[in-house]
Amino acid sequence: MSWRLRPLKFAVLAAALCAASPVLADAFVVNLDEARVLKLPDRVATIIIGNPLIADASLQANGMLVVTGKGYGATNLLALDRQGRVVMDKSLQVSGPGQGDLVTVYKGVNRESYSCAPQCSPRIMLGDSTEFFGGSLAQVGARNGQAASAAPPVPK
């Protein structure tokens, strides 16, 4: 193969890689563990999320939808009217959380994530080692349980 053909092959390969990009051009992008608001078309009666392990949605007043990233990946969102007609078909892309304060520590094959703004604290993230993830989650659960039991009863 001549040297002159290599740039052409490189250009074709680069174009193919760009075309195979996992981020869809018209996708609604939300970060993991964050929520974003999406304005829905009029007369929406039903919302369907293709894979609820990736994203969750909550219908609010005035045609607003709150979309929360639950797991990495891509799925879709369908909005149906009362007759079951699709009035919106949107791609959802859930990407990693904001990286501004994220510090990732690798201990061999085990990964731990920390939020460092300005001091470092454990940050529960998909992909962390099972021991670190489970220990951090248990601490958060215990803390939330204590807060719930200490809260005064809500008046009726």
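Reader: In the hairpin of β6 and β7, which residue takes a positive phi?
Author: Strands here are DSSP runs of E of at least two residues, numbered from the N terminus, and two strands pair if DSSP finds at least two bridges between them. In this predicted model, the hairpin of β6 and β7 has five residues between the strands, and G84 takes a positive phi near 85°. Local features need pLDDT of at least 70, side-chain atom pairs count only at pLDDT 80 or more, and totals for chains, interfaces and linings use all residues. Residues are numbered from 1 along each chain as its sequence is written, and side-chain values use heavy atoms, with hydrogens and water left out.

Reader: How many bridges join β6 to β7, and in which sense do they run?
Author: Eight bridges join β6 (residues 73-80) to β7, and the two run antiparallel. In β7, L92 is the bridge partner of T75.

Reader: Which strand joins β7 in the parallel sense?
Author: Strand β1 runs parallel to β7 (residues 86-95), with four bridges between them. Within this pairing, F28 stands opposite L92 of β7.

Reader: Is V30 buried or exposed?
Author: Buried means under 20% relative accessible area, exposed over 50%, and partly exposed in between, with a 1.4 Å probe and protein chains only. V30 lies in β1 (residues 28-31) and is buried, at 1%.

Reader: Which residues does V30 touch, not counting those up to four places away in sequence?
Author: Contact means heavy atoms within 4.5 Å. V30 touches A35, R36, V67, G69, Q93, V94 and S95, with residues up to four places away in sequence not counted.
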